[in-house]
Amino acid sequence: MQLFPQFLFIEKDDDFALIDLLDVEIDFNLTNFIETERVPSDAEVIDHTWPKSNKDGSRDKRFADNYQIPVVQYGELHLSSKSGLNEVYMLSNPEPAFGFKKMFDEYKAVLASS
């Protein structure tokens, strides 16, 4: 996917699509993710959980190798359009992702007014 001043270019295999930026919607959400791999350096760990836990969320002590897993807060950008665009990206640092969404919406407003 490539972003141009007035359209979005998407290529997959031998197909491609051009989508007018005015038709693209971007939604932003914060999402919590149980990170079982390495936590990115710019991510914020907001909680911890266990691979094997009791119903109340506490550590199940029956398992000796039960270790803590970080819960990380990611930013989620959902790009969609009426023509069928449906892409979701999770970003480890939510602040720039939200900034991109805000700037994209402002840019669309300028495009619509011209």
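What is the accessible surface of the protein chain, and what share of that surface belongs to carbon and sulfur atoms? The accessible surface comes to about 8300 Å², and 51% of this area belongs to carbon and sulfur atoms; accessible areas come from the Shrake-Rupley method with a 1.4 Å probe, and for residues only the protein chains shown count as cover. The structure is a predicted model, in which local features need pLDDT of at least 70 and side-chain atom pairs count only at pLDDT 80 or more, while totals for chains, interfaces and linings use all residues. Residues are numbered from 1 along each chain as its sequence is written, and side-chain values use heavy atoms, with hydrogens and water left out.

The protein chain has one helix and seven strands, and from the N terminus on the order is β-β-β-β-β-β-β-α. Here helices (H or I, at least four residues) and strands (E, at least two) are DSSP runs, numbered from the N terminus. For the overall dimensions, the radius of gyration of the protein chain is 19 Å, whereas a compact globule of 114 residues would have one near 13 Å. This radius is taken over C-alpha atoms, and the globule rule is 2.2 Å times the number of residues to the power 0.38. Along the principal axes, the C-alpha atoms fill a box of roughly 65 × 30 × 25 Å. Of the 114 residues, 25% are buried (under 20% relative accessible area, with exposed over 50% and partly exposed in between; 1.4 Å probe, protein chains only). Among contacts (heavy atoms within 4.5 Å) with a separation of 6 or more, 53% join residues 24 or more positions apart.

Turning to the strands, β6 (residues 69-80) and β7 (residues 86-91) pair in the antiparallel sense over six bridges; pairing requires that DSSP finds at least two bridges between two strands. E76 stands opposite M90 in β7. The two strands β6 and β7 form a hairpin with five residues between them, and G84 in the turn has a positive phi of about 120°.

The aromatic side chains come next. The structure holds five aromatic pairs (ring centres of Phe, Tyr and Trp, the last by its six-membered ring, within 6.5 Å; planes under 30 degrees apart count as stacked, over 60 as edge-to-face and the rest as tilted). One of them is stacked, because the rings of F4 and F7 have centres 4.9 Å apart and planes at 15°. F4 counts as partly exposed at 33% relative accessibility, and F7 counts as partly exposed at 32%. Charges also sit over rings (NZ of Lys or CZ of Arg within 6 Å of the ring centre and within 35 degrees of the ring normal): the charged end of K52 lies over the ring of F63, 5.3 Å from its centre, and that of R59 over the ring of W50, 5.7 Å from its centre.
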